[in-house]
Amino acid sequence: MKTHNVIQREIEEKWNLIPRVDSPIHKAGIILPPGDWERFDPFLLMAEDNMRKGAFDFHPHRGIETVSYMIDGVMDHRDNAGNKGTLNKGDTQWMSAGKGLLHLEEAPEGHFAHLLQLWVNLPADKKMSEPRYQDILYRDTPIRNEDGVQYRVISGSSGDVKSNTQNYANVTMVEITIKAGHTAKQDLKPDYNGFLYVLEGNGIFGADQVRAGKQELLWMKPSVEYDSEIQVHAIQDLKVLLIAGKPLREPVFAHGPFVMNTEEQIIQAFADYRSGKFGEWIH
């Protein structure tokens, strides 16, 4: 039986937050731009939002999961099926839109919500599943500690620490906090695409030692068929979010808040929305 050393992942590309919106109640930028479906599979897009009440109205989704990670502040969420809750700094919500729902996310009056929102593609056979929510609260998130490093396992695993978050598309999501001068090593399963986003500080990333700082994304080189890991060394105290997932390798057809596999399915999604099959908004 052959054995293989763990492959050390390198960084393929690095880029900065791309500002898109700047208003008194909403500042936003694109981190993972939409459209390059095959390269970023199973991820569709990611944005960083800093918003106050009124930035968004209720809106529909179908065929995706939205993952909201709270950098700071507070955010209320509710939908037209009666689900609701509040997220605070460090909390994450994993919402599977499935066959469709109407929902709203906003900061309470007088507060702000600073968050990352990631869209994850749903596999073809789960796109019309029943919607579900998973609130992954900061206080309940599994933690792995090493010398100078803390791994908060939001989804998937880190070392021998596993999250109980349920995934339709297999996704690892770990918040890594590293004290200056220390090095983190996050394991990755074979055939996982992934990236790191710097929340605070700066450091050196990957086997090719790419330096990056706050609001920079580092896309890892494509995975191989063996286990791999990414190393991160903190120059200053550093906080990064690592997100990686197994590609679905399915067709993507996206329009607005709907992501399906064919144009016909998108047309049907809009027809269903207009005819009220997503339900009515509950004020």
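The structure is a predicted model, in which local features need pLDDT of at least 70 and side-chain atom pairs count only at pLDDT 80 or more, while totals for chains, interfaces and linings use all residues. Residues are numbered from 1 along each chain as its sequence is written, and side-chain values use heavy atoms, with hydrogens and water left out.

- Strands (E, at least two residues) and helices (H or I, at least four) are DSSP runs numbered from the N terminus, and two strands pair if DSSP finds at least two bridges between them.
- Strand 4 (residues 26-32) pairs with strand 5 in the antiparallel sense over six bridges, and A28 has D49 of strand 5 as its bridge partner.
- Strand 11 (residues 113-121) also runs antiparallel to strand 5 and is joined to it by eight bridges, with H114 of strand 11 as the bridge partner of N50.
- An unreviewed UniProt entry carries the annotation "domain: Pirin N-terminal" for residues 48-120, a span that is 0% helix and 64% strand and whose end C-alpha atoms lie 15 Å apart; UniProt positions are given in the numbering used here, feature names are shortened, and annotations may be inferred rather than shown by experiment.

**The largest pocket**

- The largest pocket holds about 410 Å³ of space, where a pocket is, on a 1 Å grid over the protein atoms alone, an open set of points with protein on both sides within 12 Å along at least five of seven lines, and a cavity is a set where a 1.4 Å probe fits but cannot get out.
- Its lining comprises 19 residues, of which A47, D49, F56, Q117 and W119 lie nearest the centre of the pocket; lining residues have an atom within 4 Å of a point.
- Two or more lining residues come from each of strand 3 (18-23), strand 4, strand 5, strand 6 (59-61) and strand 11.
- The lining of this pocket divides into eleven nonpolar, five polar and three charged residues, with Ala, Val, Leu, Ile, Met, Phe, Trp, Tyr, Cys and Pro counted as nonpolar, Asp, Glu, Lys and Arg as charged, and the others, Gly among them, as polar.

**Cavities**

- There are two cavities of 30 Å³ or more, and the largest cavity, with about 40 Å³ of space, is lined by W37, D41, P42, F43, L44, N121, E250 and V252.
- The second largest cavity has a volume of about 30 Å³, and strand 18 (residues 183-188) gives the largest share of its lining, three residues.

**Aromatic contacts**

- The count comes to nine aromatic pairs, taking rings of Phe, Tyr and Trp (its six-membered ring) as paired if their centres lie within 6.5 Å, with planes under 30 degrees apart counted as stacked, over 60 as edge-to-face and the rest as tilted.
- The ring centres of F258 and Y273 are 6.5 Å apart and the planes stand at 65 degrees, so this pair is edge-to-face.
- Because F258 lies in strand 26 (residues 258-260) and Y273 in helix 2 (residues 263-274), the pair ties together parts that are 15 residues apart in sequence.
- F258 is buried at a relative accessible area of 0%, whereas Y273 is partly exposed at 33%.
- Y273 also forms an edge-to-face pair with F278, at 5.7 Å centre to centre and 80 degrees between the planes, and F278 counts as buried at 5% relative accessibility.

Notes:
Points joined across faces, edges and corners; volume = space filled by probe spheres on them. Buried < 20%, exposed > 50% of the residue type's maximum accessible area, 1.4 Å probe, protein only.
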